[in-house]
Amino acid sequence: CHLIHYLKLSHHLIVLNYLICTFDKLKSVSSEDIKITDAVFDGVEVRVFEPPAQRDERLKRSVVYIHGGGWALASARTSLYNNLCRIMAESLNAVVVSVEYRLVPEVCFPEQFHDALRATKHFLQPDVLAEYSVDPSRIAISGDSAGGNLAAAVCQQLSKDEHLTIRPKLQALIYPVLQAFDFNTPSYQQNMNMPVLPRYVMINYWIDYFNGNYDLAHSLLINNHTALDVSQALSFRGRLNWTSLLPSSFKKNYKPVIQTTGKAEIIQEIPALLDVRAVPLLAENETLQLQPKTYILTCENDVLRDDGVMYAKRLENAGVEVTLDHFDDCFHGCMIFTIWPTDFSAGIQTRNSYIKWLDENL
């Protein structure tokens with residue numbers, strides 16, 4: 001993929017996504033009794049999963065789901081996410097709306113955020129909810145990895161929208177990516193070479209999302225963009241101090257990496273590094289206080305573990321009821337791996353725990 005990109009035949013993410021979708025076509029997942037339809041919500045493609053109507057049934061609950069893939073890969077239509085959303089619809093007897101936001105490199109930030117926000121706001125309209133027989137008071141917004149990032153950012157935006165009459169009851173974030181401020185949190189240091197999502201790959205996803213230059217990767221890795229002399233970052237530093245936000249069991253013996261002098265021009269070139277629509281963990285406390293009851297799933301073998309744990313702590317400090325569901329023996333992305341040949345026990349374990357929480361709280 002990178003060779004093709006180097007030769008300027010195509011972007012490597014386009015090639016990688018093509019390979020993923022080609023392999024995915026080899027799989028076949030039964031939809032059983034769930035009605036699956038594709039629709040367009042305010043210009044954004046979505047896939048809707050509807051369980052069969054039952055006699056004398058009340059309005060159904062619902063989940064808006066945003067898939068992961070580094071803002072660049074996968075699809076609501078791939079079998080992995082199709083299977084997850086189908087099982088959610090069956091297990092919860094809920095209408096699941098899976099958002100097919102546009103991907104890097106076709107578009108970059110903030111378009112993915114705008115797509116997810118537009119689709120969600122469209123669904124939250126009373127007449128649309130009525131069309132799908134959804135209870136307006138029982139809606140969750142959820143997503144995994146980059147989808148968890150979008151779900152958290154959308155939820156924050158919805159909470160501040162004074163014109164909105166219906167808001168999500170819950171948010172459920174699966175190993176979400178929530179910040180690009182510090183690439184040396186304990187989990188980034190501990191899992192820097194962990195398969196599936198090593199640190200350099202996550203940094204490259206951020207660069208792609210922001211349409212930045214790969215030449216900045218090393219400076220980002222050593223936190224040059226948030227050095228003490230970078231004035232734009234100063235006001236955010238207290239919101240992401242992992243020495244106070246993480247329990248000692250996660251901090252272990254790792255030390256903060258804080259540069260005295262750095263490169264302020266990085267923030268000037270990529271201001272989105274400090275944009276809360278891209279990095280929800282940096283939101284102010286006044287916004288966090290408005291968030292709904294929250295579930296955050298984290299995995300020990302994941303560079304993003306501390307993103308989720310810090311967000312849980314900040315929400316908790318802001319007065320939000322939070323469930324932090326941590327798995328010591330699991331890895332990033334595991335929840336969607338439940339279909340042969342990648343049917344892992346970690347996937348079943350995390351998926352069941354996630355659906356159980358939704359069932360008990362939605």
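Modeller: Let's start with helix 16 (residues 345-361): its 17 residues should span 24 Å at 1.5 Å a residue, and its end C-alpha atoms are 24 Å apart, so the two agree. The expected span is 1.5 Å times one less than the number of residues. Helices (H or I, at least four residues) and strands (E, at least two) are DSSP runs, numbered from the N terminus. This is a predicted model: local features need pLDDT of at least 70, side-chain atom pairs count only at pLDDT 80 or more, and totals for chains, interfaces and linings use all residues. Residues are numbered from 1 along each chain as its sequence is written, and side-chain values use heavy atoms, leaving out hydrogens and water.

Colleague: Which residues of helix 16 are buried?
Modeller: Ala346, Gly347, Thr350, Arg351, Tyr354, Ile355, Trp357, Leu358 and Asn361. Buried means under 20% relative accessible area, exposed over 50%, partly exposed in between (1.4 Å probe, protein chains only).

Colleague: And where do they sit around the axis?
Modeller: On the same side of helix 16, because they cover an arc of only 155°, taken from the directions from the helix axis to the C-beta atoms. The face turned away from that buried side carries exposed Ser345, Lys356 and Glu360.

Colleague: New topic: in what order do the strands of the sheet come?
Modeller: It's an open sheet of eight strands, ordered 1-2-4-3-5-6-7-8, with mixed pairing. Strands pair if DSSP finds at least two bridges between them. Strand 1 (35-41) and strand 8 (322-331) are the edges, each pairing on one side only.

Colleague: How many bridges join strand 3 to strand 5?
Modeller: Six, and those two strands run parallel.
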